Amino acid sequence: METTLAVGKSIPKKESWDKVTGAAKYNTDFNEPGLLHAWLVTSLYSHAIIKSIDKTKALEIPGVLSVVTGDSMPRLTGPVLEDRPPLAIGRVRYFGEPIAIVVADSLTRAKEAAGLVYVEYQPLPTVNSVKEALEEKSLLHEQLATYRHQKANEIFSLPGTNIANHIKIRKGNMTRGWAESEVVVDSVVKLPQSVHAAMEPRNARAEIKPDGKVIIHTSTQGPYDVKKDLSYYFNLEESKIVVLVPLVGGGFGGKTTSQLEILTLLASKAVHGRPVKLVESREQDFTSSPGHLGLEARVKLGATREGLLKAIEITCFVNTGAYTDSGTKMTRAMAADCTGPYNIEHVHGDAYCVYTNHTYVTAFRSFGRLSHTFAIERAMDKLAFALGIDPLELRLKNAIKPGHFTPTAVRLNSSNIGNLSACLERLKKLINWNEGIRIVTAHNKVRAKGISCLWKTSSSPPNATAGAIITFNRDGTLNLNVGAVEIGMGIKTALAQILSEKLQMDINKINVVMEVNTETSPKHWKTVASMTGFMVGNAVLDAAEDVIKQLCRTAAVVLRCPPEVLQVGGGRVFMKADPDIFVEFKNIVCGYEYPDGSSIGGEIIGRGNFIMHHLLPMDPETGRGRLGPAWAVGAQAVEVELDMLDYNYKILKAATVIDAGKVLNPKNARGVTMGGMCMGLGYGCREANLYDSGGVRINPQFRTYHLIRFGENPEYLVDFVETPQVDAPYGMRGIGEHGIIGMPAALANALSAAAQVNLDFTPLTPEAIWQAKKEVMS
Amino acid sequence: MLETQKYVETGLLELVVNGEKRSVMVRPADLLLDVLRDQLGLTGAKPGCKNGDCGACTILVDGWPIKSCLMLAVEAVGHEITTVEGLNGTPLQQAFVSEFAFQCGYCTSGFIINCQALANIHPQADEAIIREWLQSNLCRCTGYEEIGKAILSVISKN
């Protein structure tokens, strides 16, 4: 297909100038007279009975209107398993858990009063690790058996334990698999929880109009889920709820499920519907709102002496924290992709979603694959070492291909899997793999490389939908209105590019509606899972077809010919056979007016939609099923320089090759990929939620929780392979998350090679490397 | 002294922001960041941590980059304040657009202000200086390469 106008072009983001001038408005930027302010009272204990809450002193502060506590909403919530009270009821299960909301006429007074809410606790034993959870040191949810499941076929909890979900993958025949394996490696990895750390802290505001209409302004990736959730939890008609979302200051999955929206609505209810704004402090964003899962996993991998993978047994324990939120779904997602992008016939996988007294978790860029990939890729490197085969060659030999079956028994073709081997071949050159994995460069200095493959599909519900509406202005320019949220990945611009290409029309004449308003924007499942380009893009194409049909119908009358001989392009409808015979959009989009004033046609309004097809839930016994429409695969590498005396290291280079299907916007694709890589390296080298022995978070701010800063980033090498996904707009694949997935694994593989010790954990701090070295030497 | 007396009696201050004299009413404890945002509607500077760690609230005070969450509004009297709204169509802003040096844009005002100060104060800055300066700001979306290219493109023109 000719794609020359907009697709494949590095078109700057539509909202660029708003963002470089400070004019871009985020949810926290809105203020109005009469707006009330809320502040959270949060738990000081990781696990405790709340004996009493004394609000008296707080309510004495002038300007304080209400102190809202858990009794205002005596029910549990959760997107899959309903296990979480929005405000603690009688008990807290993690440090930072919201206990009360203070509403006041100023933030200063709300904060002052929050400090005067006296909570009396009776501490309970803290489940401070997956190990302690499995040993049942304490039970977090005695009532697990009675919790409501929002989704059938997804939850297989083990009441009486701390296991909220158990997902099984059973494929092939393990006895045969192990019999055919001549070399077997066993690998155990351990990865901590971390935080999303979007620069805009999570926030929301709510008000209730006199007629009962609820208005929620929020920084969310899932406005339609917020609407659905509030309707369900508060027993409101959906037409009584409007969710409005401006530009979002980073999401990374952390703004996907409802939390502060519920709290602000409770707060507004307590003050007779007056508007209430709640903005979390950085510390609250890190401790009260959900973070990224932790993982402990064991992988047993078997292969022939030639290096052909035969069998895998994998057990994953996901640290979901105190509540499940999306933890159960991520547990399922990592089980579904549990082999990594390798062809393995015999698979035995178990993934457990485990409660602990840590911060609860929600979706995080890659939806669990980041952690799971670490487990697989460390095992692959150990296998390569045991076999004496080059790690990259071992991956090439086993790379998943069309014709193979996934762990959930989906048969693959080139459209739904792409070309991993091509990614590996490209990576090999990019990182100069053949120069050697470990090179001693100077006295006590070693330069080493490590690699990782990756794959990911979505975990969309089989009925996930997207929509698009196109309206025209009288000058022939148009407006695109979709339910996708702009969280920074340039989705609105990408959709405009798709539309520009389809209508063969200057992208500057396409106005995208930047905000999402659930009252007027067509529904989109949610802006997650790297699925927005695919889903909303298809809806946009459908809407464009609709527009073309209508344009041609009116133009056919004007140009006195059948619509079939007409074509659209350059803001005109013209005859295919003679482009000089045309009518401009501006003359027909709001009806065509004849010289005598009589008119035909009417306003052209395009509508398009999309629904997922052929997705199937996973079978509870075998895992057979289909979670997403297609995978994006890729290969990544990291090159480090390690000082063998003090184990300080520098990440010199990081490389990524992803099969993007079709790169819609090269500079943007590179940028989003590098961003993912940087975030993945941060997780690999320094990021971790740290808890003390009582389960109290000890690093809940940027001062103590370090992100990679400017100049600490490596040199980035990024390239793309393009194997089209045939049912996606212009063949594109969603790759927004993928840059992060293999980075921690590649870093650990590089450092393991450099230090000549197995490093099966993150964060890979110099001290931790020294410890690992010391343990093997003693 | 007269100014102090006036403030004590009225709570009123005069700030010079983006070249304009602006009158604000503040508590002694009010952060400059909050006053700029809530009273003057200059929301380009963003709260990201209110702890001086992230740099999203960076503004210029007499040409030097300052984290406005670490400065009281009362301390700003007598100084020239410049926020991102005070920059209009500068080569640096153009470079940020052309280099795709932002994604979500939340940290962008702070980065641009810091970069602008750097370009003004060290027009010939080398990589070490750039690194030292820009380490005071955090970006969670990009991998920093694009921001580096944007500042370099402006500095190399000097």
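I kept to residue numbers that run from 1 along each chain as its sequence is written, with chains lettered from A and ligands numbered from 1 in the order in which they are written. For this predicted model, local features need pLDDT of at least 70 and side-chain atom pairs count only at pLDDT 80 or more, while totals for chains, interfaces and linings use all residues.

Entry on chain B. I looked up the domains (bounds from an automatic or database domain assignment) and found domain 1 at 2-83 and domain 2 at 87-157, with their C-alpha centres 23 Å apart. For contacts (C-beta atoms, placed from the backbone, within 7 Å), I noted that 14 residues of domain 1 of chain B meet eleven residues of domain 2 of chain B. On the domain 1 side, the elements giving two or more residues are β3 (58-61) and β4 (64-67) of chain B, and β3(B) supplies the largest share, three residues; strands here are DSSP runs of E, at least two residues, and helices are runs of H or I, at least four, numbered from the N terminus.

Entry on chain A. I then traced an open sheet of three strands in the order β22-β23-β24 (chain A), with antiparallel pairing, where pairing requires that DSSP finds at least two bridges between two strands. β22 (566-569) and β24 (582-584) of chain A are the edges, each with a single partner strand, so one side of each has no neighbour in the sheet. Strand β23 (residues 572-575) of chain A pairs with β24(A) over three bridges, and A:R572 stands opposite A:E584 in β24(A).

How values were computed. Two residues are in contact if their C-beta atoms, placed from the backbone, lie within 7 Å.
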